[in-house]
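Here's a quick briefing on a protein chain. Take a look at the sequence and the model, then read on.

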Amino acid sequence: MKLAPLRTFVSAALTAALAAAPTAFMPSAHGEEVGSVNTNFRITGSDRVVVEAYDDPLVQGVTCYVSRARTGGVKGTLGIAEDPTEASIACRQVGAIHFSGPLKQQADVFSVSMSLIFKALHVVRVVDTKRNALVYLTYSDRVVSGSAKNSVSAVPMPPGTTIPLK
């Protein structure tokens with residue numbers, strides 16, 4: 001009996017379990033893919049840029065659109081590819097603004113895994129009280145080294161709307 005297939009299975013299971021660990025305590029990202037374009041054709045699945053919509057869970061009426069690269073090929077299809085760290089964000093008022101409660105001055109709003117092991121894309125909300133606006137920043141991190149690549153967007157509050165702070 002050969003042990004190589006068993007080792008491969010155990011290794012894959014352990015890797016999957018470790019990959020889930022860093023995202024277990026991050027805010028859940030319930031993004032909706034609204035579109036994508038292929039950037040590099042592969043028979044086993046093309047690389048693409050996807051646009052996903054994320055509704056702010058504490059601010060009804062605000063949606064952030066994040067575009068990011070997704071790796072295709074066999075690894076991408078199996079979910080074990082590491083996506084590039086580039087991302088862009090545009091947040092907009094899409095309805096009446098309602099707050100679920102007071103907001104922290106700065107909070108991680110969404111996090112999405114970008115690789116099988118320890119790499120995530122984050123969206124952080126910062127309250128700009130002086131200008132009465134919500135500022136959204138996207139960046140990626142990795143356990144060993146993060147990326148300085150980032151993108152920012154702001155949503156000004158309608159006249160008469162004050163952002164409640166904790």
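**The big picture**

The chain exposes about 9,800 Å², and carbon and sulfur atoms supply 59% of that area (areas come from the Shrake-Rupley method with a 1.4 Å probe; for residues, only the protein chains shown count as cover). Keep in mind that this is a predicted model, where local features need pLDDT of at least 70, side-chain atom pairs count only at pLDDT 80 or more, and totals for chains, interfaces and linings use all residues. Residues are numbered from 1 along each chain as its sequence is written, and side-chain values use heavy atoms, leaving out hydrogens and water.

**Overall layout**

- You'll find 2 helices and 8 strands in the chain; these are DSSP runs (helices are H or I with at least four residues, strands are E with at least two), numbered from the N terminus.
- Starting at the N terminus, the order of elements is α-β-β-β-α-β-β-β-β-β.
- Of the 166 residues in the chain, 32% are buried (buried means under 20% relative accessible area, exposed means over 50%, and partly exposed is in between, with a 1.4 Å probe and protein chains only).
- Take the contacts between residues at least 6 apart in sequence: 50% of them join residues at least 24 apart (a contact means heavy atoms within 4.5 Å).

**The nonpolar core**

- The largest nonpolar core has 20 residues, and Val59, Ile89, Leu134 and Tyr136 touch the most other members (such a core is a set of buried Ala, Val, Leu, Ile, Met, Phe, Trp, Tyr and Cys residues joined through side-chain atoms within 4.5 Å).
- Strands S3, S4, S5 (106-113), S6 and S7 each give this core at least two residues, with the largest share, 4 residues, coming from S3.
- As a rule, nonpolar side chains in soluble globular proteins tend to be buried together.
- Skipping neighbours within four places in sequence, Val59 is in contact with Ile97, His98, Phe99, Leu103, Arg125, Leu134 and Tyr136.

- Val62 and Ile97 are 35 residues apart in sequence, but their C-alpha atoms are 7.1 Å apart in space.

**The disulfide**

- A search of the whole structure turns up 1 disulfide (a pair of cysteine sulfur atoms within 2.5 Å).
- That disulfide joins Cys64 to Cys91, with 2.1 Å from S to S.
- The pair ties together distant parts of the chain, 27 residues apart: Cys64 is in strand S3 and Cys91 is in strand S4 (residues 87-99).
- The Cys64 and Cys91 link is right-handed, with 105° about the S-S bond, and both cysteines are buried.

**Tyr65 and Asn132**

- Tyr65 belongs to strand S3 (residues 59-70) and is partly exposed, with a relative accessible area of 32%.
- Where does Asn132 sit? Look in the loop between strand S6 (119-128) and strand S7 (133-142).
- Asn132 is partly exposed too, at 23% relative accessible area.
- Although Asn132 is not a glycine, its phi is positive, at about 50°.
- For comparison, most residues other than glycine have a negative phi.
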